[in-house]
Each structure stands twice: as C-alpha cells, then as structure tokens.
Amino acid sequence: MVITARELNRATLARQLLLTREPLTVPDAVRRVVALQAQQPASPYLALWNRITGLTPAELDAAFTTGTVVKATLLRLTLHAVHADDYPVLRAAMQPTLYGSRLGSHFAAAGLTAEDADKLVSELLAFAHRPRTSAEMQTWAEERLGPARKEGAWWGLKAYAPLRHAPTDAPWSFGHRPSFVASGTEPFRTGRTVDEDALRTLVLRYLSAFGPATVADIAQFATVPRTPVRAALRALDGAVEQLHGPDGSTLFDVPDAPRPPADTPAPPRLMAMWDSTLLAYADRSRVIPPAYRPLVVRRNGDFLPTLLVDGQVAGVWRPLEDGVEATAFHPLPPATWDALAEEAAALRVFLGDREPEPYRRFHHWWPKLPTPAEVRLL
C-alpha cells in the first residue's frame, strides 16, 4: 500500500489530536500523544490546550502535583512530560543512550567510571527521596567527590539517574530553577544493555501516536540507534504492518490506526514551542515545508512557536501584552486569518492571569527573521 504525503500529514494530525480538540482528561491525552516537550514550562500547557476541549491550566497542575504526569529528561535527551505509567518503559528503552551520552563525556572527564556512576546513583536516589535543588545536588556531589569533580558528576548523574522534576513554582508548575526527586517507579537499570521488551513497547507507542513512520523517524524520536530499532520491528512482525511512502521509503504502522483521507479539513493551530509533532521525525517535511525549517529552528536549537495552517507550518507567532502577533511566511486567505484570530482570542483567555507572555525571553529571534509575507496582531 502506498500512502501519499498529504495522507501522512493527516495521520499525524489525527493521532496527535490536532484535527479536532477532544474531551479527554489530561492523563488520557498525554498517553495518546506519548510525550510533550517540556523544556519551556508553559509549552506542555499550550500543547494540551491545542488538543483538549475546554482545558484549564489547573488540570495539568493537578496531574503534575499528583504525579500522574511526570517531567523528566527522556527522548532526545531533553525534558518531556509523560504519563507516569509510560515513564519506566521509556527510560528503560533509552538506557544505553543515557549511559553513553552522559557517562562518556562530562562524567568521564571528571575521572569517574561507569562503576562509580552505578554506586553513586544508588546513594543519590536515597538522597533524593524528597525534592532537592540543583545546589543541594551539587553540594551532595562535592561532599563525596570534591569540588573539582562535582559539576561533571552532577551533569552526568542528573540525566543518567532516574530522577524527575518536582513541581516548584507558579505560573506553570515548574520554574527555571528545577528541583529533582527520585522517580520511585522502577529499580534502577545499569549499563549499556538494550532492554528489548522496553524498546518494542516504545516502538509500538511511537507508531500509535506518530505513525506511519520509517526506521529513521523512530530512531530520531527515541534517540536510539537504527540497528536496535530494526531488530525491534522484526520482533514485532505481525503486530506492525509495512506501507510505502511517497518517496518509496518503507513505513511501519500499527494496524487499524487512524489514517484519515487526504482531503480531511485541518483547522489552524497556534503550536507551542518545541511541539513534539514537529520534532518527532527524521524527515520533518510531513509537517514543516523544508524552506521554512531554518526559519523556525534556530541554530542553538530553539524551536519557535508556529502557525499550523492546513496541517503545515506557515509561520510563527508570539504572545505580546496586547495580543498575539502572527507572522505568516506566505500569504494566507481571509478565512484563515479569521480562524487564527479565534484561536488567538481563546489562547489569551487560557493564559489569563498566569503569564500573558510566556515566550518573552525568546523575542530576540523575531528581528532575525526574513521579511515575512504578512504580520498581524490578533
């Protein structure tokens, strides 16, 4: 079976709850989309606002407070919000990546071995039985390893150890100075061994939320090498099916997952910074036109909040004190501007008295954009 580029786009939008908002609870929505990028505190809230009918910020506050949804370093070695039930398997699937990325650089530079790491993790998790600030964690490392080693050790341990971020501050549950607490959801797994069961589960969860997708797409999302991804897919023979993409590539998917027709309407959306939908693929052209990718992905990795029009990135937006400024990279029809204005009005209500300009610290990127087709204050 051959699937077109537009059908791929609609499949992604359907599974990511972007064709229509749905009346879901926060935990159920997070499970559906697998993971929400969370390095900017407001972004998980805005991501769910795009997906859930009538969402209030307090609903996600409650999920973080009760631990139903947790925030931790996971996929692509960045902060994500995931359902608590998914956290152990995602960590287990990524264990070799976490091991290599953290213990092979800063940790080794501090003169510490993998065996040292495993011993320190056990002690660290006992120390983090309650929330601890970064300063407290570095003091803990300094007491055990000395001042010269504390920064390298803590840099490695804070991702390698199963720690989650503890809610600390208004307006978005987490401030820019994190506190850490032991996850307490599973025994710590050491070493570089691939947990094959966990990786197969991750592959199925990814395909259910982002498929159809290639081996490269899965590896990009999970930050796992392609060879174990291929092995997981072979082991899942019968649980996944193969399709052919518009470029002849082999795509994998779970049977009976939504694949709407190419002409399914896709309403405009104001996407959060680093929205997972835009980052979950090696080939991001199903959602981001290649010409626009360097405009929305800055050289330091910042991913600007985007306008999604007919399922594709069409510009960027930012909340200002007196409205939402929308910058279109190509001309948009009046009906689209009207729909974006409705979204902007709803977003301003959602932000309310929490933080009218949650992305203010990123405004410096806007003067660096090329001359746009049109800019409107909505």
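Reader: Which residues have the most contacts inside the largest nonpolar core?

Author: This is a predicted model. Its largest nonpolar core has 66 residues. Those with the most contacts inside it are Val-26, Leu-46, Leu-48, Leu-270, Trp-317 and Leu-347. Helix H15, residues 334-351, gives the most to this core, with 6 residues. A second, separate core has 40 residues, including Val-203 and Phe-210.

Reader: What does Trp-317 touch, not counting residues up to four places away in sequence?

Author: Its partners include Leu-46, Leu-270 and Leu-347. Tyr-359 and Trp-366 are also among them.

Reader: How do I read a helix, and which residues of H10 are buried?

Author: Start with the general idea. An α-helix has 3.6 residues a turn, so residues three or four places apart point the same way. Now the case here. H10 runs over residues 196-210 and has 15 residues. From first C-alpha to last, H10 reaches 21 Å, close to the 21 Å expected. Its buried residues are Ala-198, Leu-199, Leu-202, Val-203, Arg-205, Tyr-206, Leu-207, Ala-209 and Phe-210. Val-203 and Phe-210 belong to the second core.

Reader: Which residue caps the N-terminal end of H10?

Author: Asp-195 does. One of its side-chain oxygens lies 3.3 Å from the backbone nitrogen of Asp-197.

Reader: Is Arg-51 buried or exposed?

Author: The cut-off for buried is under 20% relative accessible area. Arg-51 has 1% relative accessibility, so Arg-51 counts as buried. Arg-51 lies in the loop between helices H3 and H4.

Reader: Which side chains make polar contacts with that of Arg-51?

Author: Asp-275, at 3.0 Å, and Thr-277, at 2.9 Å. Beyond its neighbours within four places in sequence, Arg-51 is also in contact with other residues, including Gln-16, Glu-22 and Met-271.

How values were computed
Residues numbered from 1 in each chain as written. Predicted model: local features only at pLDDT ≥ 70, side-chain atom pairs only at ≥ 80, totals over all residues. Heavy atoms only, no water. Helix = DSSP H or I, 4+ residues; strand = E, 2+ residues; numbered from the N terminus. Expected span 1.5 Å × (residues − 1). Buried < 20%, exposed > 50% of the residue type's maximum accessible area, 1.4 Å probe, protein only. Polar contact = N/O pair within 3.5 Å; in protein donor to acceptor, adjacent residues only side chain to side chain. Contact = heavy atoms within 4.5 Å. Core = buried A, V, L, I, M, F, W, Y, C linked by side-chain atoms within 4.5 Å.
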